[in-house]
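Open the structure in your viewer and keep the selection tool at hand. Each stop below says what to select and what is there.

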Amino acid sequence: MTSMKTKAIAETQMGELLPELAIPVTVTLINGGAIATRDYFPGHHDADAARELGSPHIFMNILTTTALVQRFVEQWAGPLAILKDIQLKLGAPNYPGDTMTFSGEVVERDEASSTLVVSLKGKNSMGNHATGKVTVVLPA
Amino acid sequence: MSKRDHAERRVLENNQETNLADQVLLEKVQAMVGREYGRVYAWDQVNAPMIRHWCEIMGIENPLYTDSNFARSQGYSDVVAPPGMLQVWCMGGLSPENFPAPSSQENNFEVLKVIDPYGYPAVVAVNSDLAFNRQIVAGERLYFTSKLDSVSEEKTTGLGTGFFVTVLMDYFSEKVDGNDEPVGQQLFRVFKFKPAHRADVKIEQKSASVIKRPLPGISDDTRFFWEGCDAGKLLIQRCTACQTLRHPPGPVCSECHSFDWDSVEASGKAQLYSFVVMHYPEVPPFNYPNPIGLIELEEGVRLIAGLVGVEPGTLQIGQRLQVEFHRFDEQQTLPQFRPVAG
């Protein structure tokens, strides 16, 4: 649950580590995430189709990863934090049965504009599923 | 010309043919770079039910997205759309290239269809960079326009060989007065490729295999060391002729050339002789940044081992360390060193 309290810039520090977030990667999350993002590519919901493509199982779509990145940052920053951008690079696929653990760090911080940049990665058993950066503006 | 030379020459010729074909492909593709594509409209207005369904599966609980009273208390006219949904509104849906009128009939990823028949059947998304001008609220109708920004040279990655294709999209909110407002941008990059392992296509594996730490090669000279680790002891080889300690283990004493040896248990007290902190590339299953020490035991020999309990940037040459043993992957035990006071 996102804390109802939104952070103020004074409550953050350069180099601050975000609390880790471990997300179990399930068939339900991959399927449900694909459909909730209107992505009917068969590799995200049909295991036989995914195997035809050379994957051991269905794999998470990038729009679900985007959502989970938003969740990771927003759970820490609070509900009224405004995201200015989400930059995302995908690496190892997320297959069912794995766990993706997000870690992140404040790498830029501008007190005057209440703006932070969080650098993050979502790691699974095969390496980094996602690496990226999110720019967050906290309420003044 | 021998039969083998002939075969090699044929392979070479085939490669050249491939390259010739690629040259034609590259010219076709480069001619398309910079092409702009018309409006693609969202099927649905930004709406509360789609937002709620998205939040539910993603595990996002923020009343700004689901509680219109809360959103109004924050000055919005209705619930806010999560920024991560920007791309969702303009997805085609079940038929990925089917968009509502008056959407453009052009396909902004048509270059993939040009590349495909040259032997690059697979595609994966590799980058999505979203930027948001402002919050989007339920009731708005979105569309995007796009541009083929670039197609890379042919690249080989762990997945296979192919091309990185980058499309830029500009998202707009439609206004009744016609002054449509830009609300966000997206860089979307895919890899269009020839899979590296076509023979493995029918993998029967049910899920991903877990990547484990590599195991050491164990010989008669080194077995005592690894068995010591399993027993939670840091054992150092000792020449029984001249008592010299040595590490890494070997068959012969470098001081007196005796082949006779036994081992002694080290105290585990040590100091940091040198170190490196690995940042990149990140290789599974290790955690990064990954600090590795060249460690001098108080008995005088040095060994290389992982450092644990280290705050980034605080390692100091000469600092005191103590060994501890960690079990990895339920199959090996390794000595690791932790900084201690004094």
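Select strand 2 of chain A, residues 82-90, together with strand 3 of chain B: the two strands run antiparallel and are joined by five bridges. To find one of these pairings, pick Ile86(A), whose bridge partner in strand 3 of chain B is Leu130(B). Bear in mind throughout that this is a predicted model.

How many residues of chain B are in contact with chain A? There are 52, and they touch 46 residues of chain A. Between them the chains bury about 4,200 Å², with 57% of that area on carbon and sulfur atoms.

Next, look for charged partners across the interface. One salt bridge is found between chain B and chain A. Select Glu282(B) and Lys121(A) to see this salt bridge; the closest N and O atoms are 2.9 Å apart.

Colour the side of chain B that touches chain A by element. Helix 2 (48-58), helix 3 (63-66) and strand 3 (122-132) of chain B each give two or more residues to this side. Strand 3 of chain B supplies the largest share, eight residues. Coloured by residue type instead, this side of chain B divides into 31 nonpolar, 16 polar and five charged residues.

Move to chain A and select Thr12(A), in the segment before strand 1 (21-24). Is Thr12(A) buried or exposed? Thr12(A) counts as buried because its relative accessibility is 3%, under the 20% cut-off. Its side chain makes a polar contact of 3.1 Å with the side chain of Arg109(A). Beyond its close sequence neighbours within four places, Thr12(A) is in contact with residues including Trp76(A), Leu116(A) and Leu138(A).

The last stops are about the backbone of chain B. Most peptide bonds are trans, and most residues other than glycine have a negative phi. Select Ala101(B) and Pro102(B): a cis peptide bond joins them, with omega about 0°. Pro102(B) sits in the loop between strand 2 (80-81) and helix 5 (110-115) of chain B. Another cis bond runs from Pro284(B) to Pro285(B), with omega near 5°. Pro285(B) is in the loop between strand 12 (269-278) and strand 13 (290-297).

Finish with two positive phi values. Phi of His257(B) is near 65°, and His257(B) is exposed, with a relative accessible area of 58%. Phi of Asp329(B) is near 55°, and Asp329(B) is partly exposed at 31%.

Key: Residues are numbered from 1 along each chain as its sequence is written. Chains are lettered from A and ligands numbered from 1 in the order in which they are written. This is a predicted model: local features need pLDDT of at least 70, side-chain atom pairs count only at pLDDT 80 or more; totals for chains, interfaces and linings use all residues. Side-chain values use heavy atoms; hydrogens and water are left out. Helices (H or I, at least four residues) and strands (E, at least two) are DSSP runs, numbered from the N terminus. Buried means under 20% relative accessible area, exposed over 50%, partly exposed in between (1.4 Å probe, protein chains only). A polar contact is a pair of N or O atoms within 3.5 Å; within protein, one must be able to donate a hydrogen and the other to accept it, and residues adjacent in sequence count only if both atoms are side-chain atoms. Contact means heavy atoms within 4.5 Å. Buried area is the accessible area (1.4 Å probe) that two parts lose on being put together, summed over both. A salt bridge is a side-chain nitrogen of Lys or Arg within 4 Å of a carboxyl oxygen of Asp or Glu. Ala, Val, Leu, Ile, Met, Phe, Trp, Tyr, Cys and Pro count as nonpolar, Asp, Glu, Lys and Arg as charged, and the others, Gly among them, as polar. Two strands pair if DSSP finds at least two bridges between them.
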